[in-house]
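Please consult the sequence and the model shown here before reading on.

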Amino acid sequence: MNLEQLITQVRTEWGIVGSVGLLIGTLIAAFFIHKALFKVLERWSHRSEMSVGHLLNKHLYYPTRFVVLILAVVSISPLLGISISHVLGHILSISLIAAVAFMFIRAISFGRDVLIKYYDLQAANNLTARKVYTQFKIIERLAVFLIVLFAIGIALMTFNEIREIGVSLLASAGIAGIIVGFAAQKSLGTLLAGIQIAIAQPIRIDDAVIVEGEFGRVEEITLTYVVLKLWDQRRLIVPINYFLDKPFQNWTRVTTELIGSVFLYADYTAPIDALREEFNRTLNSSPLWDKKVAALQVTNATDKSIEIRMIMSATNSGEAFDLRCLVREKMIGFLQKNYPNSLPRTRMDVDHIPQQATLVGPAASMATQLNNEAVPFPKGQ
């Protein structure tokens, strides 16, 4: 006796009660089959090298359960002779469309988490991880938008009234399309800019950038805007078009390694060799220095002071900033403690004004004050 004969016999003997019982039994069987299938997938993933069983349960367990249960009701109802009303059938159809769309959206989230699992964004040199994650993040948002759009479209097509209205408006679709195109020109341009950012990648997630004079890290990239996390925990929201239309600084475009610079201004009597030794000693004692670049040079000289530039390298922008602050503090302290006379100073030589000189006005009063305050040197000195 096959399944169809068994269902027919139960319907004949038990009537509507038997049909309802078989429907409930089918739902229970689908429930436990779905649960057992995910248990098997979870055990298989733990035994293999993937180890993504918890991600399967997190993202796809409930969406697939909804799809399986709705499909079970839709497929078994005709065999049971249960007549589904037009309204109930319409509700089931729309529910199935929504469940399938939800399952696809969660599947994309599952793929994202699997990707993050194999690309560590917290690593010191995470350039590849940020590149892949940025591309997937923008593509994910675009895919979710398209899935929702198609799901809504398919759901609306199940209404005969809306379908007939759509056919009647088809003749004027060209004019409406032109109007909508002009109205949505800026929005479409922004959307295309987001796609271009995903492909060209002038910025990536966790990039260190300077935008509008503000230093921060790229925290989030959407299809329309970019969120920058500034150094003081503020958030700077920038339109996505900005990164295609205007120049900005990207400190981690090629690598996370950076070279920082510190400028020190000192008197001409400053001991350059001693400063260079102290600079090297400070770098060698700091774990922030990656031991690749270090140099101290006199890069400029004015009539009042000399300019000393110190450059040093670090593995990322955060450590480079901390290292620059450390070197600046140590070098200023070194000068204050050991060579205080080498700090920048302003010199002024004033000659003794002879008494015979005839001065008038403010110059005469200033000369009198200088002569009164002048202290003669002892003889022999």
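## Strands S1 and S2

Strand S2 (residues 214–221) runs antiparallel to S1, and four bridges join the two. Strands are DSSP runs of E with at least two residues, helices are runs of H or I with at least four, and both are numbered from the N terminus; two strands count as paired if DSSP finds at least two bridges between them. The model is predicted: local features need pLDDT of at least 70, side-chain atom pairs count only at pLDDT 80 or more, and totals for chains, interfaces and linings use all residues. Residues are numbered from 1 along each chain as its sequence is written, and side-chain values use heavy atoms, with hydrogens and water left out.

Within this pairing, Ile-210 stands opposite Phe-215 of S2. Two residues lie between the strands of the hairpin, where Glu-212 takes a positive phi near 55°.

In a regular strand, side chains alternate between the two faces of the sheet. In S1 (residues 208–211), Ala-208 and Ile-210 point one way, while Val-209 and Val-211 point the other way. All of these residues are buried, that is, under 20% relative accessible area, where exposed means over 50% and partly exposed lies in between (1.4 Å probe, protein chains only).

## The whole sheet

S1 also pairs with strand S5 (residues 249–250), in the antiparallel sense over two bridges. There, Gln-249 is the bridge partner of Ile-210.

The open sheet has five strands in the order S4-S3-S2-S1-S5, with antiparallel pairing. S4 (235–239) and S5 stand at the edges with a single partner strand each, so one side of each has no neighbour in the sheet.

## Salt bridges

A salt bridge is counted when a side-chain nitrogen of Lys or Arg lies within 4 Å of a carboxyl oxygen of Asp or Glu. By this rule there are seven salt bridges. One of them joins the side chains of Arg-141 and Glu-220 at 2.9 Å, N to O. Arg-141 belongs to helix H5 (residues 127–157) and Glu-220 to strand S2, so the pair ties together parts that are 79 residues apart in sequence. Arg-141 is partly exposed at 28% relative accessibility, and Glu-220 is partly exposed at 27%.

Glu-219 forms a salt bridge with Arg-235, with the closest N and O atoms 2.8 Å apart. This pair links strand S2 to strand S4, across 16 residues. Glu-219 is partly exposed at 36% relative accessibility, as is Arg-235 at 39%.
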